[in-house]
Amino acid sequence: METKYERLCESIADIMFGSAQAGRPVYALPDAATLQKVLVESEVKRLDVDALAEVVRPTLQIEKSGIIPFRLQAEAAHRHRRQPLETPFALPLLVLLSLAAEQMHADGNLASHNYYSRLHGLLRVPDFHRQRVEQHYRQNAELLWDSLNSWLEAWEGERGIPTAYAVGGHAYVGLPMSQAVVRQHDRGGLHEVFALEGMTPRIRISPADMTTAIDPYAAATASPLSSHLLGLWRVAAARERIVDAACLELEVWDGSGVETIGSDRQVAATRLLAFMRTFPRRSIAFNLMLPHRSEGPGMARFRTCGSEVTVPTVAGPGGSTRLSAVEGVSAVSLVGERLDGEFGDNNSRPFGRRPRRVAPLRWDDLQGAFVEVERVSFGEDSIVVAREEARRSVDDYLAAHARPGWEIVDLPGTPEGWCVYQHVQIISAPTEAPNDLLPLAPRARTSLTLRGGFALPGLLRKWSASDPPEIVAFAAGAGSVEVAVYQGTRIDQSQRAVLASQEGELLVLPLAGKGLSDGEYVVAMFTDGASRAASTALLRLRSAETPQYRVEDVDIRLVYSPDTGLRWPLTAGPAKWPRFVNGARTVALPVPVERLAVPMREFMPRQRGDSAAAYASVRVGVPMPDESCLVTGSHRFELPPFVPGLPLTRSIAGECKLCGLVKRFAGTHWAARKKESASREVVVPAEVPPVADSTEPRFEAAFDALCHVGKGSFGAFERIAAQVEGSGLYADQLLRRLETVGHVDVARGDYLQVQEWAVNASTLLPIAESQWVLVGSRSAGLLNRLAEMLGAEGKVVAGVDAGLVRVEVAGALPGPALAELGIDVLESSPAVTIAASLPRLGEVAVSLHRTAVPKYRSAEFWDTASASWQPTGNLVRVGAYRLKDFSSTYAVRSAEDVERGTLGIGNAQIVKHIANMWAGDPLVGYNSRSGSVVAPLDAGLPGLYGRVLSLCSGRAPREIRSHWMLQYQSVPRAVADIVFDRVRQ
């Protein structure tokens, strides 16, 4: 039977740590309304702190002689380590500990003895037992608070981002005090400070720099900070806690909420996005990140010179919206013109952007792109977009202050009259810079940055253990810098894993090859031999060894079933049907008995036609006049008016009236003298290693990341794929190749857009006598254990084939042992069974979702003879079409569609094969010499049609670009003939 304490525990979990807190820092301190809601939900009669204490007190053996007070709570915390997803038993106790800290904050007395007196009062601890309670709490404080952190970590941020960490290594009282500083309604004020100060979302700055940023607002008459924070700021010990909380809040802030600041800041918060691409060729593409949260597709309306242009939008990561497609939008317009418009319901959300002569864009793993910032941050990966007229000054500046390795790149997509710099990392601290170069001058004087590595998607910031980040530590004016990495979530010298030091202001420490395994680590920077860390950061490392979900649960999440309809080979769904295909495995599919009259014909190369002509892009902005600062470089800064009687602030922000460039001037005589005395010539040390740009795609890290994540949306998949190649086209291709081999199953909507994917369970697929290929999930540990089981007679060979990780296994398989390891072994290839179950392509064509012909600006028709797209002026022919507006829509039109004015929506692959099937000229053919099935390079078979062919060899189709062919290797004639029968009619 559930006890009152257990009900209270679950109520706290649901109300204070529910889904509404996903991705946000969470604290164990409830406000009065939340506490009352928790107590009502728990059926506690009185609704105050004392009532909470009455429920918690029986779990502590306060007055029982011979029994330590926190014994029951400590034992539960130990058990919780084995099942971290379960609600921690200590949750009500931790809330009470936080409320005691809040009472201490209220009277401004932050001494530790005052904390314990508050706690003793709440728990009604007799004087004789107080020392005993304090002593045992100190012994178990970290254990109890760790149960909260490990619970939130196990939920991957879905219940919030943990914040209960010991500050500067001080535990005990420091832990509940860390929870009692920032209340829910305090966060909006901090976000406003971040936006007003031009801080970059999701970066980590030092406490000293955060103190400098917040301090002027604590003294301002109309401060964005809450009265609660303003009161605590006057207390030195509380100020330290506020700064630590603000640093954490900035690290997870996604830039949302700035629309409340005012129209000028809305303009500043509309940021440029840039995608650096290498597939199918090196290029750069620009987009916009609009400063409002969107729930789905919509339209953005741009006001141009005397007209209006509408562009589709889509919800972006975090609290943003972006243009859903920019194929038809002028890059010159996005980068170099003034943008104004509205989007959302009833055009209620204004946006705008003013172009700058020099604009830095910082890599943001949440967005999977480079995002425009007001100022660069030390050590961050950035690109710089600059007017050609400013090129010489940018070159000189980067030569003096950037890490070696930066370069100018001439890429397709670069706006005319502009240049793009990549691999830019600012690593010295210029105290003065020309106005145009102010965006390249970091405002912070101390920085501890985790950059590079393979970032994993999710609400928690984490990296792949196989490709960890690099540490860049900088402290202006320091004589030496030291960096230490500690295992766990606090600075503990006994858990130090890595230590490095460097004379001067800068230290660059790659973590690759340091032997760091999955887990949490504290990275601490020390300057000039100090014992107290100048800055700290939390490093989370994960891999397929520590998956977010059990693979057996993820595996059966999506399957392909003939019972779902004629489109079943193209989209997976829930496993609620008796017959299905799951990865390389089949369940209850009939054994084929049919005889085929028409074998697959020999493949003949097609003479490709000329590529379709490009169409003009649309301008969405207003060109800047010749006398503007964008052209001349002469800025006009507007300063706020001086109001007698108001206290002076350390700095005064001036904003250029035309381009929005922000320059901060000294606000007091003391600040001006300090700025002058700090002026010095700073150059990059010669021994700094250049920026390392690996030319090798990170396929292994990407697949390991997929196995760690297990399942997700296409957005989550794009964040992984973007770190191999930053284009949406590559992400789509990679997902289709993984689906073709059987590593993942993919669910698609009515219009065949990806909705969800899930990694399949580990399965050994036979490809020859005593030879198998591993399909589905795997980890380094799994492969090592498999190799041990096979012994000297067998072997496990891992590598990369056709852009996918491939593992081949040879030898005698220990069946029962493999089952215990979680690996299924197939007795024979399922290719024939799946092929015989596939519907004919003509049936799939009928089942495509029909809609009226949408608006388009150009159209292309699929020429079945040359297998290429050709421009067309109408849609009157039967066949496949590619309609272009700001993105591409793929569709087919039958004779009935032409008559009714409709078309069937598909994807790029299925519509081509349907068109050629209607023309009696299937795209696939057999190559008897190599025993393979061949198709045109950009016309791979979709869904299970392609998987059938890949399962014969366990290989992804091979691209032969010199002949524009796609080859499915080692396909038996029997399988090829069945597939040909399905795609020819």
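**Figure 1. Arg 124 sits in the loop between α6 (112–123) and α7 (130–154).** Welcome to a predicted model, in which local features need pLDDT of at least 70, side-chain atom pairs count only at pLDDT 80 or more, and totals for chains, interfaces and linings use all residues. Residues are numbered from 1 along each chain as its sequence is written, and side-chain values use heavy atoms, leaving out hydrogens and water. Although Arg 124 is not a glycine, its phi is positive, at about 50 degrees. With 53% relative accessibility, Arg 124 counts as exposed. Here exposed means over 50% relative accessible area, buried means under 20%, and partly exposed lies in between (1.4 Å probe, protein chains only).

**Figure 2. Glu 43 lies in the loop between α2 (32–41) and α3 (49–56).** Glu 43 is not a glycine, yet it has a positive phi of about 65 degrees. Its relative accessibility is 57%, so Glu 43 counts as exposed.

**Figure 3. Strands β31 (residues 763–768) and β32 make an antiparallel pair over 5 bridges.** Strands are said to pair if DSSP finds at least two bridges between them. Look for Ala 768, whose bridge partner in β32 is Gln 771.

**Figure 4. Strand β32 (residues 771–775) is largely enclosed by the rest of the structure, because 4 of its 5 residues are buried.** β32 also pairs with strand β34 (residues 804–810), in the antiparallel sense over 3 bridges.

**Figure 5. Stepping back, the protein chain holds 29 helices and 45 strands.** Its radius of gyration is 31 Å, close to the 30 Å that the globule rule gives for 985 residues, so the chain is as compact as a globular protein of that length. This radius is taken over C-alpha atoms, and the rule is 2.2 Å times the number of residues to the power 0.38. Along its principal axes, the C-alpha trace spans about 95 × 80 × 55 Å. Of the 985 residues, 57% count as buried.

Terms used:
Helices (H or I, at least four residues) and strands (E, at least two) are DSSP runs, numbered from the N terminus.
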